[in-house]
Amino acid sequence: MKKLILLIIFSIQLAYGGRYGDAFIQTSLPAHASAMGNTAVTQLRGLSSVISNPAGLAQVQQSSLLLQYSDVFGLASQSSIGFQYAGMDKYQLGISWFNVNVSGISSRPDILDSLTFIERRNFLRQKGLDSWETFSNRDDAIYITLARSTTHNIKIGWAYDEFDIINPIGISVKILNKSVLEESGRGIGLDFGTKFIIPGKEIFYIRKLGDFVLGLNVENIYTTGIYWTTRHVDQVWMTFRGGIALHQPLEIIHSEVWLIWERKELINNESVRYGIDFRMADRVSIRLGRDFYNWNGGIGLRITLGGRDLIFDYAYQAHPLDNAHRMTFTIFPEKKR
């Protein structure tokens with residue numbers, strides 16, 4: 001029944017000309033973001049930021065590998081794999097693949113208008129509940145991301161009153177492939193993201209105040225067309241995701257905290273999200289956040305083995321359809337210098 005509901009949702013997406021044509025991609029957000037109410041535009045770095053803000057790729061100057069799997073509300077499976085190449089001097093290159101798959105959907109004939117009530121009853125009794133043919137629904141996206149970080153020196157007017165703003169920027173080319181029943185659709189889109197990391201202690205003259213991070217991501221610049229084998233064309237509309245975060249070090253206890261506010265807009269639909277991430281000694285993170293539906297939570301662990309870092313993130317999502325669990329692994333194959 002749940003899979004039938006999900007299929008209906010996909011069908012509605014097609015009927016409305018692609019208004020939510022790439023909504024499946026949002027189910028591929030990493031566990032780090034999911035645990036914090038799906039906030040992602042400001043605090044994510046490296047490969048985990050590709051979907052929400054490609055600028056975050058420039059904030060990790062080290063090659064890495066990302067692996068992810070999640071159960072999407074008991075309806076579908078989601079998996080991801082990504083690789084970041086850090087050998088391009090000023091630029092960071094990322095290649096990521098995201099997949100959402102719904103299998104075992106029952107293919108049932110339309111008998112509402114063609115049969116009477118008695119005929120429908122007898123037909124269902126004769127057919128049984130487990131003898132229907134099934135099919136799968138599949139969505140794939142490949143992201144090719146290029147990002148770099150620049151620094152702007154800001155002078156207020158006095159020789160000693162100046163500070164630096166770090167400005168990562170990134171762009172992603174995404175190749176989309178969708179299949180529903182026996183039909184398929186393909187398209188190419190473009191996303192752009194940027195961040196401004198501003199030292200709070202320089203702006204407000206508070207000695208131990210942390211950094212403020214402003215993030216902006218534009219998904220589907222102009223629009224993204226999905227061209228189906230039925231000759232139907234979906235237009236995936238441009239989406240804006242913006243947010244602000246305070247990254248506050250807690251030097252006394254060798255920890256840090258992120259406080260995040262984010263807003264996403266699509267046509268006449270908008271949502272506000274909140275999140276908090278408390279990180280102890282850069283090893284253990286405790287996360288909590290709220291999205292449109294409910295409160296979410298999770299943890300993060302950084303382990304060093306043989307001089308190489310392994311990051312494990314877990315998220316628990318409460319949702320009206322069902323609860324969901326998400327796990328993300330990030331591996332840094334190079335030894336720390």
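## A salt-bridge network

In this predicted model, a network of salt bridges links Glu256, Asp277, Arg279, Asp282, Arg287, Arg302, Asp309 and Asp313. The structure holds 12 salt bridges in total.

Take arginine 287 and aspartate 313: their side chains meet with N and O 2.7 Å apart. Arginine 287 sits in strand S11 and aspartate 313 in strand S13, so this pair ties together parts that are 26 residues apart in sequence. Both of these residues are buried. Arginine 279 pairs with aspartate 282, with 3.9 Å between the closest N and O atoms. Here arginine 279 counts as buried, at 16% relative accessibility, while aspartate 282 is partly exposed at 36%.

The glutamate is in strand S7 (residues 211-228) and the arginine in strand S8 (residues 233-250), so the bridge joins parts 22 residues apart in sequence. Glutamate 219 is buried at 2% relative accessibility, and arginine 241 is buried at 0%.

## The second largest pocket

This pocket has a volume of about 630 Å³. It's lined by 33 residues, and the closest to its centre are Arg45, Arg279, Arg302, Ile311 and Phe332. Strands giving two or more residues to the lining include S1 (64-72), S9 (255-266) and S11 (284-290).

A search of the whole structure turns up two cavities of 30 Å³ or more.

Definitions and conventions
Residues numbered from 1 in each chain as written. Predicted model: local features only at pLDDT ≥ 70, side-chain atom pairs only at ≥ 80, totals over all residues. Heavy atoms only, no water. 1 Å grid on protein atoms, 1.4 Å probe; cavity = no way out; pocket = protein on both sides within 12 Å on 5 of 7 lines; lining within 4 Å. Points joined across faces, edges and corners; volume = space filled by probe spheres on them. Helix = DSSP H or I, 4+ residues; strand = E, 2+ residues; numbered from the N terminus. Salt bridge = Lys/Arg side-chain N within 4 Å of Asp/Glu carboxyl O. Buried < 20%, exposed > 50% of the residue type's maximum accessible area, 1.4 Å probe, protein only.
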